[in-house]
Amino acid sequence: MPGRPARDAVVIGGGLAGITAALALADAGIRVTLIEGRPRLGGLAFSFQRGELTVDNGQHVYLRCCTAYRWFLDRIEGTALAPLQDRLDVPVLDIGKPEGRRLGRLRRDPLPVPLHLGRSLATYPHLSLAERAKVGRAALALKGLDLADPTLDTQDFGSWLAAHGQSARAVEALWDLVGVATLNAVAGDASLGLAAMVFKTGLLSDPGAADIGWAHVPLGELHDRLARKALDSAGVRTEVRTRVTSISTDENGRWSVQVPGETLQADAVVLAVPQREAHELLPDGALDHPDQLLDIGTAPILNVHVVYDRKVLSRPFFAALGTPVQWVFDRTAASGLREGQYLALSQSAAHDEIDAPVATLRERYLPELERLLPATRGAEVKDFFVTRERTATFAPTPGVGRLRPGARTKAPGLYLAGAWTATGWPATMESAVRSGVSAADAALSALGRSRPSDLFEFEEAA
């Protein structure tokens with residue numbers, strides 16, 4: 001608009017939160033510089049080369065209800081590369097049953113909530129008839145919880161499930177099957193507030209809400225290459241391999257962002273880095289209780305990668321019961337493997353295994369895969385390796401809600417983003433994108449700029 005002064009913003013952190021904030025600000029006419037310490041964008045959802053393979057550091061999925069991440073995919077023109085299932089369908093193998101009778105499925109019918117899951121639950125073979133009936137009653141009780149009630153955050157999900165008649169088997173075969181993958185914690189370690197949010201939104205809001213999507217290309221193709229292309233097109237200056245050493249304001253209230261060899265001036269700064277890094281960079285007075293950021297715990301995810309000389313799995317993925325194996329995905333095509341099959345095991349809440357030697361993990365997981373997949377028994381293992389994310393997510397423990405700050409700080413022009421901020425969601429790609437939208441919205445409001453018309457619409461967490 002003629003006569004309006006140019007405005008500048010610096011976004012610190014090139015994960016999904018930072019990319020989102022940068023795109024939203026640039027789309028509103030702000031001059032944006034994005035700073036990332038790593039040599040690539042994408043944060044903790046990235047790819048790397050291992051010989052001829054392009055390997056994701058971990059298996060990431062999203063759901064149809066993840067409307068912010070779906071907006072992000074659309075914004076970077078990546079939607080077709082990470083398609084959703086037509087309809088929720090999760091194969092679940094129970095290793096404790098005889099071969100030929102191990103398969104159960106969690107899938108939906110084209111019916112309204114909660115009937116969409118009725119047939120699947122009624123025929124789910126991994127629970128007894130009595131357990132299935134009690135699951136239905138607990139689901140209705142969960143649907144009745146008010147997500148705005150702050151007392152939910154003080155309770156743990158496991159105790160709530162026990163109080164609502166859920167057996168240990170029901171927790172293992174259903175509640176934790178979903179919850180561990182989405183919350184990165186078992187029910188007993190998870191905030192009831194976050195668990196209720198996951199189950200109410202994913203399974204009890206819209207019939208298609210829990211349909212699963214995942215990248216059919218390496219994550220780096222989406223979160224680095226396509227994201228960088230979108231940032232370039234939006235006019236964002238992107239600097240990787242660049243560490244911010246300090247941020248401060250001058251007497252006019254403008255921000256100075258110090259990087260090696262340069263001082264960047266800005267009207268707004270978005271800190272889109274993990275909570276401990278944010279704590280280190282926060283100026284005095286920006287938060288009332290900055291040390292609370294250090295009280296937000298972290299939780300690990302272990303990923304086990306196995307390359308076989310032949311095809312051993314005919315499904316794109318499955319979940320498992322009665323074994324340390326949690327979720328297994330076929331990454332053959334996405335990785336560029338030409339012969340054999342490449343399976344990736346995603347092991348959430350992996351506190352006990354995150355530092356285990358590769359040899360130990362090989363001895364543990366290869367026999368488990370042989371028990372689960374008969375075709376592996378005559379197959380040669382061509383490669384076995386692990387990737388470890390020791391601080392993959394924030395820990396969704398009871399009480400974490402009061403520690404998560406919103407986008408705005410007490411320092412004018414300084415905003416926070418990251419999956420760990422107060423989005424109302426657990427630490428997911430959805431939470432990261434929502435936080436970037438929230439930070440951009442707050443900055444644009446303060447700068448007197450209109451929100452981009454195509455920006456994802458969402459309810460901001462209190």
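This passage describes the overall fold of a predicted model, then a buried glutamate and a strand hairpin within the chain.

The chain, with its 462 residues, contains 13 helices and 19 strands. Its radius of gyration is 23 Å, and a compact globule with this number of residues would have a value near 23 Å, so the two agree. Buried residues account for 56% of the chain. When contacts between residues at least 6 apart in sequence are considered, 69% of them link residues at least 24 apart.

E131 sits in helix 4, which covers residues 129–143. This glutamate is buried but takes part in no salt bridge. The nearest side chain of opposite charge belongs to R169, at 5.5 Å, whereas a salt bridge requires the side-chain nitrogen and carboxyl oxygen to lie within 4 Å. A polar atom of the E131 side chain does, however, lie 2.8 Å from the backbone nitrogen of S128. Leaving aside residues up to four places away in sequence, E131 touches S167, R169 and A170.

Elsewhere in the chain, strand 10 (residues 246–249) and strand 11 (residues 255–259) pair in the antiparallel sense, with 4 bridges between them. T249 is placed opposite W255 of strand 11. The two strands form a hairpin with 5 residues between them, and G253, in the turn, has a positive phi of about 85°.

Definitions and conventions
Residues numbered from 1 in each chain as written. Predicted model: local features only at pLDDT ≥ 70, side-chain atom pairs only at ≥ 80, totals over all residues. Heavy atoms only, no water. Buried < 20%, exposed > 50% of the residue type's maximum accessible area, 1.4 Å probe, protein only. Lys, Arg positive; Asp, Glu negative; His and termini not counted. Polar contact = N/O pair within 3.5 Å; in protein donor to acceptor, adjacent residues only side chain to side chain. Contact = heavy atoms within 4.5 Å. Pairing = 2+ DSSP bridges. Rg over C-alpha atoms; globule rule 2.2 N^0.38 Å.
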